[in-house]
Amino acid sequence: MTFPVKGVDMDGETRCKHYATEKDIIAIRMGCCNVYYACYKCHEEMADHAAMPVSKDDFDQPHVFCGHCQSEWTVREYLNSGYRCPKCHALFNEGCRLHYDLYFERINNE
């Protein structure tokens, strides 16, 4: 099953003009619009509204997409994955954690 992902100059594994390393294969279904974007910068360029992170109440719902195997998984699976896809084990960019607040509502002191 293929999930639609939006992104600027995006390749077949969800790398975009902003993040294009071998490990940049994750897309996030944004909390504001429930649309997958390759990154928050793509959302800024393409959406007609401000981004909102995924609510902690939705962490057990699918919100993360692996561009390598095209699987979808929950925020909780993503946060516990050790920077590997839980399905195909492809490595993804550990630097994404620096943008955590843009994608996911904080839980306690995470």
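A residue counts as buried under 20% relative accessible area, as exposed over 50%, and as partly exposed in between. With that in hand, here are some close-up views of this predicted model.

**View 1. Cys-88 is a partly exposed cysteine.** Cys-88 has a relative accessible area of 28%, so this residue falls in the partly exposed class. Searching the whole structure for disulfides gives 0. Cys-88 is no exception: the nearest cysteine sulfur belongs to Cys-69 and is 3.7 Å away.

View 2. A disulfide is a covalent bond between the sulfur atoms of two cysteines. Here the closest cysteine sulfur to that of Cys-42 is in Cys-16, at 3.6 Å, which is too far for a bond. The cut-off for a disulfide is a pair of sulfur atoms within 2.5 Å. Cys-42 has 0% relative accessibility and therefore counts as buried.

**View 3. Strand 4 pairs with strand 2.** Look for strand 4 at residues 62-66, where 4 of the 5 residues are buried. Strand 2, made of residues 26-29, runs antiparallel to strand 4 and is joined to it by 3 bridges.

View 4. One spot to look at is Phe-65, with Glu-72 as its bridge partner in strand 5. Between the two strands of this hairpin lie 5 residues, and Gln-70 takes a positive phi near 60°.

**View 5. Trp-73 and Phe-92 form a ring pair.** The count of aromatic pairs comes to 11. In the pair of Trp-73 and Phe-92, the ring centres are 5.9 Å apart and the planes meet at 35°, so this pair is tilted. It brings together distant parts of the chain, 19 residues apart: Trp-73 sits in strand 5, and Phe-92 in the loop between helix 2 (75-79) and helix 3 (100-103). Both Trp-73 and Phe-92 are buried.

**View 6. Tyr-100 and Phe-104 meet edge-to-face.** With ring centres 5.6 Å apart and planes at 65°, Tyr-100 and Phe-104 count as an edge-to-face pair. Tyr-100 is buried, as is Phe-104. Stepping back, you can follow ring pairs through a cluster whose members include Tyr-19, Tyr-40, Phe-59, Trp-73, Phe-92, Tyr-100 and Phe-104.

Methods
Residues are numbered from 1 along each chain as its sequence is written. This is a predicted model: local features need pLDDT of at least 70, side-chain atom pairs count only at pLDDT 80 or more; totals for chains, interfaces and linings use all residues. Side-chain values use heavy atoms; hydrogens and water are left out. Buried means under 20% relative accessible area, exposed over 50%, partly exposed in between (1.4 Å probe, protein chains only). Two strands pair if DSSP finds at least two bridges between them. Rings of Phe, Tyr and Trp (its six-membered ring) pair if their centres lie within 6.5 Å; planes under 30 degrees apart count as stacked, over 60 as edge-to-face and the rest as tilted.
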